[in-house]
Amino acid sequence: MQSNPLRIGTRGSALALAQAHETRDRLMAAHSLPESAFEIVVIKTSGDRIQDRPLSEVGGKGLFTKEIEEALLDGRIDLAVHSSKDMPTVLPSGLELTAFLPREDVRDAFLSPKAKTLTELPHGAVVGSSSLRRQAMIKRLRPDIEVVMYRGNLQTRLRKLAEGEVDATLLAAAGLKRLGLESEITSLLEIDEFLPAVGQGAICIESRTDDDDTRQKLAAIHDPETQVRLDAERAFLSVLDGSCRTPIGGLATIDAGQLHFKGIVLKPDGTEVHATSGSGTPENAVEIGISAGETLKARMSPGFFSSGA
């Protein structure tokens with residue numbers, strides 16, 4: 001019988017809480033534990049507080065994890081639930097990604113009351129997005145479209161769209177599905193046209209490296225295939241840029257025992273694009289990701305990252 005509840009740290013958005021609840025529910029089922037054996041601890045991060053500037057200007061994706069990781073290191077929580085695409089490639093000493101839940105839909109969703117697809121938007125339409133990757137890919141496909149910064153949680157972005165602040169927006173299909181908002185999706189952007197962010201659609205769980213008890217509990221809900229795919233994607237990202245200051249997309253899939261990887265890097269205005277692909281055994285996931293990253297790095301023009309990327 002567990003005397004103290006297992007404390008699960010999370011951001012306070014509806015999506016973050018849904019992911020924390022999914023983690024808790026899976027642990028309850030795996031270990032036949034009651035809900036009282038767990039405590040959801042909401043932690044406000046810098047990324048939640050800063051809403052008036054692009055994250056790329058104020059510190060990158062680590063702003064969504066810093067305070068939660070501090071609570072983990074201080075022992076105020078036992079594990080942290082994150083969206084994998086928010087995770088920097090380098091973690092603080094003493095912490096590790098211990099488990100991944102089965103991955104959801106990796107695609108980006110197009111939402112608009114004015115067109116069925118991105119390509120059908122009228123000339124000069126305004127699209128809201130805070131993601132540099134999405135901004136660059138939109139400009140690559142439709143240079144005429146105006147892309148504006150679009151911060152806020154998922155519900156805030158849906159409200160802004162309904163109020164006509166923008167003509168369309170792009171959101172992760174996985175988040176909408178996890179919140180039961182799949183009906184809001186106008187259409188889905190296929191991977192061949194719009195490569196997702198590294199880690200998109202995957203929930204990861206972080207814990208202390210010296211906490212064997214928590215690691216053992218998490219082993220029961222860990223999805224090895226998702227980890228292998230993320231190992232390749234995160235290795236690719238680490239070679240290029242571990243933050244959200246560069247438009248980068250990457251996706252690993254496993255089919256018939258082979259891991260297949262696709263990666264892309266763009267300038268923010270979409271005028272320069274480099275893509276690569278590779279495959280091999282899942283055991284070589286990290287090496288496949290690193291090789292893909294090095295291939296793209298060699299192709300980029302001098303000053304690629306400094307030229308607004």
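Thr65 counts as buried, with a relative accessibility of 1% (buried is under 20% relative accessible area, exposed is over 50% and partly exposed is in between, using a 1.4 Å probe and protein chains only). This is a predicted model, in which local features need pLDDT of at least 70 and side-chain atom pairs count only at pLDDT 80 or more, while totals for chains, interfaces and linings use all residues. Residues are numbered from 1 along each chain as its sequence is written, and side-chain values use heavy atoms, with hydrogens and water left out.

Back to Thr65: its place is the loop between α3 (55-58) and α4 (66-74) (helices are DSSP runs of H or I with at least four residues, strands are runs of E with at least two, and both are numbered from the N terminus). Setting aside neighbours within four places in sequence, Thr65 is in contact with His82, Asp86, Met87 and Pro88, contact meaning heavy atoms within 4.5 Å.

Next come the cores. A nonpolar core here is a set of buried Ala, Val, Leu, Ile, Met, Phe, Trp, Tyr and Cys residues joined through side-chain atoms within 4.5 Å. The largest one has 19 residues, and Phe110, Leu118, Leu121, Ile138 and Phe194 have the most contacts inside it. Two or more residues each come from α5 (132-141), β8 (168-172) and β12 (258-266), with α5 giving the largest share, three residues. Take Ile138: apart from neighbours within four places in sequence, Ile138 touches Leu118, Val127, Pro143, Ile145, Val147, Leu170 and Phe194. There is also a second, separate core of 17 residues, and Leu237, Leu259, Phe261 and Leu296 are among them.

Then there is the sheet. It is open, with three strands in the order β11-β12-β13 and antiparallel pairing (two strands pair if DSSP finds at least two bridges between them). β11 and β13 sit at the edges with a single partner strand each, so one side of each has no neighbour in the sheet. From one strand to the next, the twist averages 10°; axes are lines fitted to C-alpha atoms, for helices over the stretch in contact, and angles run from 0 to 180 degrees between N-to-C directions. β11 (248-255) and β12 share eight bridges. Ala252 has Phe261 of β12 as its bridge partner, and Leu251 stands opposite Lys262 in β12. The hairpin of β11 and β12 has two residues between the strands, and there Ala256 takes a positive phi near 50°. Ala256 is also exposed, at 76% relative accessible area.

Ser32 is another non-glycine residue with a positive phi, near 55°. Ser32 lies in the loop between α1 (14-31) and β2 (38-42) and is exposed, with a relative accessible area of 67%.

α9 lies across β11 and β12, at about 150° to β11. α10 packs on the sheet as well, touching β12 and β13, and its direction makes about 155° with that of β13. With 15 residues (285-299), α10 reaches 22 Å from its first C-alpha to its last, close to the expected 21 Å, where the expected span is 1.5 Å times one less than the number of residues. Its buried residues are Ala285, Ile288, Gly289, Ala292, Gly293 and Leu296. Seen down the axis of α10, these fall within an arc of 130°, so they line one face of the helix; the arc is that of the directions from the helix axis to the C-beta atoms. What covers them includes α9 (224-240), β12 and β13 (273-280).
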